[in-house]
Every structure is written in C-alpha cells, then in structure tokens.
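Student: Could you help me learn to read charged pairs and ligand contacts in a protein model?
Tutor: Gladly; let us look at the model together and take the features in turn.

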Amino acid sequence: MHLSAAAQIGGVLEPINASPVVIEDDVLVGGNTGVYEGTIVRKGAVLAAGTILTRGTPVYDLVHGVVIRASEELPLIIPENAVVVPGSRAVGKGKGHANADAWGLSLYAPVIVKYRDDKTSLSTALEDLLR
Ligand SMILES: CC(C)(COP(=O)(O)OP(=O)(O)OC[C@H]1O[C@@H](n2cnc3c(N)ncnc32)[C@H](O)[C@@H]1OP(=O)(O)O)[C@@H](O)C(=O)NCCC(=O)NCCS
C-alpha cells in the first residue's frame with residue numbers, strides 16, 4: 001500500500017463494535033484523500049488525489065454502470081483494481097434542479113473511471129520512482 005501526503009485514514013475509537021477502515025495490498029491512496037467510517041478498499045485499487053470516501057458516499061462506477069453504496073450490513077466497498085477519481089453530480093431534487101429559479105447545485109461524487117490497466121500501473125510506479 002502507498003499512502004500519499006496528507007491522506008487521512010479514519011480510525012475507530014467508539015463504539016466498540018464499529019469496523020475499522022481496511023486498505024488492502026497494492027492500493028495507492030493519493031494525496032489529500034480521506035477514507036473514513038469502515039470503508040474497505042480492495043486490493044490494487046487507486047484513489048486519485050482528493051478522493052473522499054465515507055459510509056454515506058455513493059460511488060459511481062462508469063465501467064459497470066452501477067452505483068456502489070454502503071448498506072445496513074456492509075460498509076462502502078471499493079472493488080479490486082478500481083480507479084476512483086473525485087467528480088461531481090447534478091442535484092436532481094428541490095432547489096437543486098436545473099430550472100429557472102433553482103440553484104443548479106452539484107454534489108461531490110467519486111467516480112470509478114476505469115479499472116487498473118498498464119497506464120495506471122505506469123502512473124503509480126512513476127510516483128514511487130520519484131521518491
Ligand atoms: C488516478 C491516477 C493514478 C491516474 O491513473 P491513470 O490510469 O493513468 O488514469 P488516466 O490518465 O488513464 O485517466 C482515466 C480517466 O480519468 C480521468 N482522471 C485521471 N486522473 C484524474 C484525477 N486525478 N481527477 C479527475 N479525473 C482524473 C482522466 O481524465 C481520464 O478520463 P477521460 O478518459 O474522460 O479523459 C492519477 O490521476 C493520480 O491521481 N495519481 C495519484 C497522485 C498522487 O496523489 N500522488 C501522491 C503525491 S504525494
């Protein structure tokens with residue numbers, strides 16, 4: 001696992017049965033990222049700089065066309081080799097709607113843009129070489 005500058009990994013002080021964040025092998029945790037509230041990041045995943053993951057954060061998987069969420073039983077789980085970058089999504093309700101008297105807001109939304117390929121491995125290897 002490579003933990004970059006200013007990355008924050010949430011810990012567990014209480015309650016006693018709360019689950020810890022799990023970062024599996026060969027994950028790149030980019031700069032200024034935050035991984036909290038029992039999130040599990042599976043083997044080989046890449047969290048691009050600035051990605052924030054909490055139990056309540058939906059993650060948009062562009063490759064498979066699904067939205068990944070935590071459930072009552074399971075925390076947020078980032079799949080093996082997913083490349084997650086910080087994105088945004090339009091707000092579709094209330095004053096967020098994109099009509100005349102609305103605010104046209106967006107919310108932060110992490111996006112899986114791809115699954116690790118040779119280019120990703122090159123980008124992340126370069127990071128290691130530079131230090
Ligand atoms: C994720 C990362 C490893 C790039 O991986 P990659 O496999 O080479 O990604 P690609 O260049 O093929 O990009 C894939 C897509 O994601 C987008 N993308 C890549 N990195 C992105 C980022 N950080 N934020 C937003 N979008 C990003 C690209 O624009 C591309 O989308 P497009 O095809 O629509 O243009 C790199 O951006 C990154 O974040 N590295 C970590 C940097 C860091 O924190 N270093 C530690 C310093 S201490």
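Student: How many salt bridges does a search of the whole structure find?
Tutor: A salt bridge is a side-chain nitrogen of Lys or Arg within 4 Å of a carboxyl oxygen of Asp or Glu, and searching the whole structure turns up 3 of them. Bear in mind that this is a predicted model, in which local features need pLDDT of at least 70 and side-chain atom pairs count only at pLDDT 80 or more, while totals for chains, interfaces and linings use all residues. Residues are numbered from 1 along each chain as its sequence is written, and side-chain values use heavy atoms, with hydrogens and water left out.

Student: Which residue forms a salt bridge with R42?
Tutor: The partner of R42 is E24, and their closest N and O atoms are 2.6 Å apart. R42 lies in the loop between β6 (40-41) and β7 (46-47) and E24 in the loop between β3 (22-23) and β4 (28-29), so the pair ties together parts that are 18 residues apart in sequence. Strands such as these are DSSP runs (E, at least two residues), as helices are (H or I, at least four), and both are numbered from the N terminus.

Student: Where are K43 and D26 in the chain?
Tutor: The side chains of K43 and D26 meet in a salt bridge at 3.7 Å, N to O. This pair links distant parts of the chain, with K43 in the loop between β6 and β7 and D26 in the loop between β3 and β4, 17 residues apart.

Student: What is the relative accessibility of D26?
Tutor: Buried means under 20% relative accessible area, exposed over 50%, and partly exposed in between (1.4 Å probe, protein chains only). D26, at 49%, counts as partly exposed, and K43, at 38%, is also partly exposed.

Student: Which residue pairs with D117 in a salt bridge?
Tutor: D117 pairs with K114, the closest N and O atoms being 3.2 Å apart.

Student: Which residues are closest to the ligand?
Tutor: A residue is near a molecule if one of its heavy atoms lies within 4 Å of it. Here 18 residues surround the ligand, the closest being G31, K114, K119, T120 and S123. An N or O atom in the side chain of K114 is 2.6 Å from an oxygen atom of the ligand, and a polar side-chain atom of S123 lies 2.7 Å from a ligand oxygen.

Student: Which element gives the most to the shell around the ligand?
Tutor: That element is α1, with 4 residues.

Note on methods: Polar contact = N/O pair within 3.5 Å; in protein donor to acceptor, adjacent residues only side chain to side chain.
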